[in-house]
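This briefing is meant for someone meeting the structure for the first time. Please look over the sequence and the structure before reading on.

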Amino acid sequence: MSSDNKSDAGHGSGHASNGNGNGNGNGKPAIALEIRTIALKGPLDKGLSEVEKALGKGVNVVLDFSDCHFISVDGLEWLEELLLRADSVGSVVNFVKIHPVQYKVFKVAHIQSLLKACGSPAAGIAPMC
Amino acid sequence: MTTTISKEQEKALSEGVEILVRQARLAAAVWLQYTQEQVDEIVKAMTTAAIEAASELAIEAHQETHMGIIEDKMLKNFVASEFHYHQIKNVKTVGIIKEMPEDNMVEVAEPIGVILALSPVTNPTSTVIFKSIAAAKTRNSVIFSSHLMAANASNHAAKIVYEAGLAAGAPKGFITWVEKSARLRRGTELMMNHPEVDLIFATGGTQMVRAAMSTGKPALGVGPGNTPVYIHKSAPPSSAAMDVIISKTFDNGTECPSEQTIVVDREIAEELLAEFKRLGCYICSFEEVEKIADVVIDSKGGMNYKCVGQSANFIADLAGLDVPADTKILLCPLGGDIRNHRLAVEKLMPVLGYVIVDSVEEGINRALDVNYAGGTGHTAGIFSEDEAVVEQFSTAINAGRIIVNSPCCIGGLGGIYNNLNTTLSFGCGTGGGNNTSDNVGIKNLLNYKRVPKRTNFTLSFQTTKNIYINPGSLDHLRSLKTKSAVILTSKSAGKRGHLAMVTERLPSDCAIGVFAEIDVEPEFSTVESALAMLRQQKPDTIIALGGGSVLDAAKIIRLFYDHPYLNMNELAVSFLDFRHRMVEFPQTVNTQLVAIPTTSGTGSEVTPFAVLKDNVNKRKISLIDQCLLPNFAIIDANLTKCLPKDITADTAFDALTHALESLVSTYASDYTDGLALESMRLIFEALPEALKNPSNIVWRHKLHNASCLAGMAIGNASVGINHALAHSLGALFDVPHGRSNAVFLLSVLDYNSRVPRKFMPTSTYPSWVADQKYARAAQFLGLTDPGPVDTSGKFSKRELESHKHARLCKELQRAVYDLAITCNQPISISELGIDPDAYEMQMLNLVKLSFSDMSLRTNPSLPVLSEIGGLLVNSFAPRQRP
């Protein structure tokens, strides 16, 4: 599994770190965040250091699954840990372009954080996968 | 014995359970991505590993449980791996697993998810091997919780197949197990109730299975066995004895399908017992039987677990019996009432009860006694060369597997002596408290998704085979092949000269009879009278000469003449879907039927319908079948020249209703549309002219053709709500059919042209097009869209089209209104002289009759009761021009 790293500077209106749709809701301008999109290539069966390195305060990571057609148990566990780590450093990680088979893997795995990363209803935003 | 667990231990146990369940959950999720090829490679690797470890695991199982026979345990390991694999290797379990082209459907596999598998002490390693392979083949993950007394061997088996599967690419954690400990049972309880466990697959003792089934979770269980085997006198004693010995000694009798009591015909009993003895079994005396019962049956009436899987000699020693060394089975005669005998229960050991009987009936009854003494639904066996006896036995006994002329135990395992699917888990059906009586296997470890595609529906087009048209076509009668004909007609046919026109054209050597008693809307009594006449005359031809009532009656008369055994009430049973109707009409009719309509409305000469009135129940009975179609139809307008104006208009409006209803019917096709449109056009063209010049044959001919064309249309597309309303009005108020149709026509046109409240659910009608059809009809009549067309841009193209259709529908309604006014045709109920109060009083009956009329079922919209009521009300008051 490898990844492609793209870095976009985004303004806060859709990507505020507190998750609000428009800034942080108190009239103050939203914090400018960096969004890094990383495309996963091939099967996800272990951790990817470049993804972990991308985490940081003020950085949102978008994992693009369009070229990922298999996730192993280790891969699932790593994703779960990644989301925990992201949460602890103030990053938000979202998953995009997930194929239905892999999306179903998330559904059947019953791991709420993974579903949330896909934008499940609990997250209050429309699904992105 | 209850083990108390501290809070810390409970917490540790719960955490351990969470870990196991989570591993299984993740593996179950990851399995979803595997292809059939990947799964099959994994299963092959697991099977290979199991075969290679078969003897090692057999030894371990025997050492740990102290039960059974190593060699037989090894055999079971082979059955669970090699035999099992052989049966399932080519079975599809991923994606589309079954295609059913005849049903336009496929089946797609969906794994169960996480399976908690409980394995027994009697078949520890073979059960684990079997369930592991089955779980992998179906992309499920499995957590094993084994019997405490066999946990080490069981878990070792699980480890072997797991590691082989993992090496071949299976998801990590797809097989896990509960380690042997004093808290194994508590751990199992926690897992049984864990929300992440999707299915409990329980194989074991009754208590364990019952616990699994009572969790409220989907569970596959097994039941206790108590196998009765009937040995019929036709069975060769030598092979029966050997087979029973093979079975009952297999793993020292620990297999639950093994024989527990044999029921032997007296004729062969002596020889059979001698053979048992010769082959190394010990026949006990009654006194010895009691001693055996004392040791093998516990105080609660069940088997003593200390004896389970022990040798015959071990048990004999326990009972204080002196039997030869290497005795294979202790055979125990069960005296007295077998239902009360202590030994007539499951005994997983080489102790076999027997009774001797004097007949097949007694044999089956004694077998039933055993069957219903704790092993219902499990297994039974029969040795017989008489197929009738085998069938009788199989019908009576309640067992998921009834093994014939083979060892029950190994026969029940499947794949060795027969083609049952191999299993180590025997479903017992509801008799044993299970939800299946299968040899449980991969088939039970999948969810099946059925994907039915919309059924293609083949419409057919059928009509009277030979139709002779044009004025003068009555001359065809001259060449009719008939020696004896009966003319069915009404009294007026004679007065109008129609009867003479027919009789003088029939062949000179034809014997002619006439039945002229058919009135308008006849009842069955008229049919019966006609039949009496026909049975005397015995004609080869029936000639129906008259309006719709005569033609319909003639069809029914011909049917009952050819098939006197038929029951009218049965034939008249209603149906929702013609393809599924209950009633079966005869395939053929023999008597030739010639239909000669003398009115231009019914179309009955070319339809498979016949309607009779039922005055007793105030309803109309409709018979519908292709066998009712006449052989010939003669469409000669000369017969209609003398029709009074009111009947001309009534019948023409009947034909117009046919045309309009068939056009929008859910069974309409391009074939019937063409007929309907031309019929309608002819009526609009010819009716006013025919009323102005009644004797002008050209207009009469067009009307007569229009009627026949519309008849062909409804004969294939059927009618709709207009007819349902007309039938009910006609039945309750004696209104002629054509007139009944006319008074509802405008309301129905308006109703059917609007978007339905409820669409008609039928596969023959892919989209609602009634408005388009009416619009086309309007255009076919030369009517144009009055506009205006909205150019504001507010509406989509589709909406603008809809508006245009609505305008044209209105034009059509105006055209029908204008035609009716021109022809002085009543188009509302108030014009029929029906008292409004009387009408109101009958409203409920009208609604009920209309609602249950079959005509409704091909209407383009499904009318709800309130809409039917609305139409009935709406059609009463005098009409305004739409």
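What share of the contacts in chain A with a separation of 6 or more comes from residues 24 or more positions apart? In this predicted model, such residues account for 68% of those contacts in chain A. The points below take up chain A, then the domains of chain B, and then a sheet in chain B.

**Chain A**
- The secondary structure of chain A consists of 4 helices and 4 strands, and these elements follow one another from the N terminus in the order β-β-α-β-α-β-α-α.
- Chain A has 129 residues, of which 32% count as buried.

**Domains of chain B**
- Chain B is divided into domain 1 (7-220), domain 2 (227-420), domain 3 (463-640) and domain 4 (643-882).
- Between the C-alpha centres of domain 1 and domain 3 of chain B there is a separation of 71 Å.

**A sheet in chain B**
- In chain B, 7 strands make up an open sheet with parallel pairing, and their order across the sheet is β10-β11-β12-β9-β8-β13-β14.
- The edge strands of this sheet are β10 (282-283) and β14 (399-404) of chain B, each of which pairs on one side only.
- Strand β9 (residues 259-265) of chain B runs parallel to strand β12 (residues 351-357) of chain B, and 5 bridges join the two; B:Ile262 stands opposite B:Tyr354, which belongs to β12(B).
- Helix α9 (residues 237-249) of chain B lies across β8 (227-231), β9, β12 and β13 (377-383) of chain B, and runs at about 170 degrees to β9(B).

Terms used:
Residues are numbered from 1 along each chain as its sequence is written. Chains are lettered from A and ligands numbered from 1 in the order in which they are written. This is a predicted model: local features need pLDDT of at least 70, side-chain atom pairs count only at pLDDT 80 or more; totals for chains, interfaces and linings use all residues. Two strands pair if DSSP finds at least two bridges between them. Two residues are in contact if their C-beta atoms, placed from the backbone, lie within 7 Å. Axes are lines fitted to C-alpha atoms, for helices over the stretch in contact, and angles run from 0 to 180 degrees between N-to-C directions. Domain bounds come from an automatic or database domain assignment. A residue is buried if 20 or more other C-beta atoms lie within 10 Å of its own, exposed if 12 or fewer, and partly exposed in between; C-beta atoms are placed from the backbone.
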